[in-house]
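Below are some notes on helix packing and a few individual residues. They are set out as numbered points.

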Amino acid sequence: MNDSGTTTAVDGKPMTAKALLRRQRIVEAAIDLGTEGGYEAVHMRVVAERAGVALATVYRYFESKDHLLSAAVSEWTSQLQSRLDRAPARGDTPIERLVDVLRRASRAIERRPQFAAALIRALHSPDPGVASGAAKVGQQIRAMATPILADLPAEDVDGIVAVLGHVWDSSIMGWANGRAPISSIGDELENAARLLLAGRY
């Protein structure tokens, strides 16, 4: 299995262009269902019906619901990347531009709280497909941060992205467990970014 990209199915076989489109419909159906009803609403059979494919087709691309939802995280991150391409990060300094990106990401979560809760459950699953999907998300986040922090050493960028990922995970879990409002996710990310980059710019 290879979920670091979207060119192979669960059995490792390459997918045709039509198969990739079917896979995309499946992921979008999972996002819609998760947005509407959270984790419990994402049933593989319902996903298949919503995507207009056979249930066996869903399992050809995804071993489990958690595997599918981890791919949905990657799709959500890709959408954020596309929005950044159309409307680049704003700010006079790298710190301000990075904060702008983080704030956009947190607002996207705030707009889809049930979907966010579904992703939390999926990303903490031991399913091996989830691990590879989460790794892809990390690569996507690094790709968004690298142009902003282009004058820093690559290993520093890796470290900053890793710490921000931990802060994201902790803050979103705090919200999911009722310990903080959902708006605190963006606040925590901004505070972490400013502390990590203090004195660098």
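In which helix does Ser 106 lie? The model is a predicted one, and in it Ser 106 lies in helix H5.

1. Ser 106. This residue counts as buried, at 1% relative accessibility. Beyond its neighbours within four places in sequence, Ser 106 is in contact with Trp 168, Ile 185 and Gly 186. Of these partners, Trp 168 belongs to the H8 side of the H8–H9 contact and Ile 185 to the H9 side.

2. H8 and H9. Helix H8 spans residues 154–176 and helix H9 residues 184–197; their axes are 9 Å apart and the packing angle is about 155°. The two helices are therefore roughly antiparallel to each other, an angle over 145° being the criterion. The crossing is right-handed. On H8 the contact is made by Ile 160, Val 163, Leu 164, Val 167, Trp 168, Ser 171, Ile 172 and Trp 175, and on H9 by Ile 185, Glu 188, Leu 189, Ala 192, Ala 193, Leu 196 and Leu 197. Sorted by class, these are 13 nonpolar, one polar and one charged residues.

3. The aromatic pair. One aromatic pair is present in the structure. Its members are Trp 76 and Trp 168, with ring centres 6.2 Å apart and planes at 40°, so the pair is tilted. Trp 76 sits in helix H4 (residues 65–86) and Trp 168 in helix H8, 92 residues apart, and the pair thus links distant parts of the chain. Trp 76 has a relative accessible area of 8% and is buried, the limit being under 20%.

4. H7 and H8. H8 also meets helix H7 (residues 128–148): the axes come within 10 Å and cross at roughly 125°. H7 and H8 are therefore oblique to each other. Their crossing is right-handed. From H7, Ile 141, Arg 142, Ala 145 and Thr 146 meet Ala 154, Val 157, Asp 158 and Val 161 of H8. The class count here is five nonpolar, one polar and two charged residues.

5. H1 and H2. Helix H1 covers residues 17–37 and helix H2 residues 44–51; the axes come within 8 Å, crossing at roughly 115°. This crossing, too, is right-handed. H1 contributes Arg 25, Ile 26, Ala 29, Ala 30, Asp 32, Leu 33 and Glu 36 to the contact, while H2 contributes Val 46, Val 47, Arg 50 and Ala 51. The contact has seven nonpolar and four charged residues, with no polar ones.

6. Ala 89. The loop between H4 and helix H5 (94–111) holds Ala 89. With a relative accessible area of 21%, Ala 89 is partly exposed; the range for that class starts where buried, under 20%, ends. Leaving out neighbours within four places in sequence, its contacts are Leu 84, Arg 97, Asp 100, Val 101, Arg 104 and Ile 148. The C-alpha atom of Ala 89 is separated by 19 Å from that of Leu 195, 106 residues away along the chain.

7. Asp 100. One of the contacts of Ala 89 is Asp 100, a residue of helix H5. Asp 100 counts as buried at 11% relative accessibility. Which residues does Asp 100 contact, leaving aside its neighbours within four places in sequence? They are Ala 89 and Arg 90.

Note on methods
Residues are numbered from 1 along each chain as its sequence is written. This is a predicted model: local features need pLDDT of at least 70, side-chain atom pairs count only at pLDDT 80 or more; totals for chains, interfaces and linings use all residues. Side-chain values use heavy atoms; hydrogens and water are left out. Axes are lines fitted to C-alpha atoms, for helices over the stretch in contact, and angles run from 0 to 180 degrees between N-to-C directions. Helices (H or I, at least four residues) and strands (E, at least two) are DSSP runs, numbered from the N terminus. A crossing is left-handed if the near helix is turned anticlockwise from the far one by less than a right angle, and right-handed if clockwise. Contact means heavy atoms within 4.5 Å. Ala, Val, Leu, Ile, Met, Phe, Trp, Tyr, Cys and Pro count as nonpolar, Asp, Glu, Lys and Arg as charged, and the others, Gly among them, as polar. Angles under 35 degrees count as roughly parallel, over 145 as roughly antiparallel, 65 to 115 as roughly perpendicular and the rest as oblique. Rings of Phe, Tyr and Trp (its six-membered ring) pair if their centres lie within 6.5 Å; planes under 30 degrees apart count as stacked, over 60 as edge-to-face and the rest as tilted. Buried means under 20% relative accessible area, exposed over 50%, partly exposed in between (1.4 Å probe, protein chains only).
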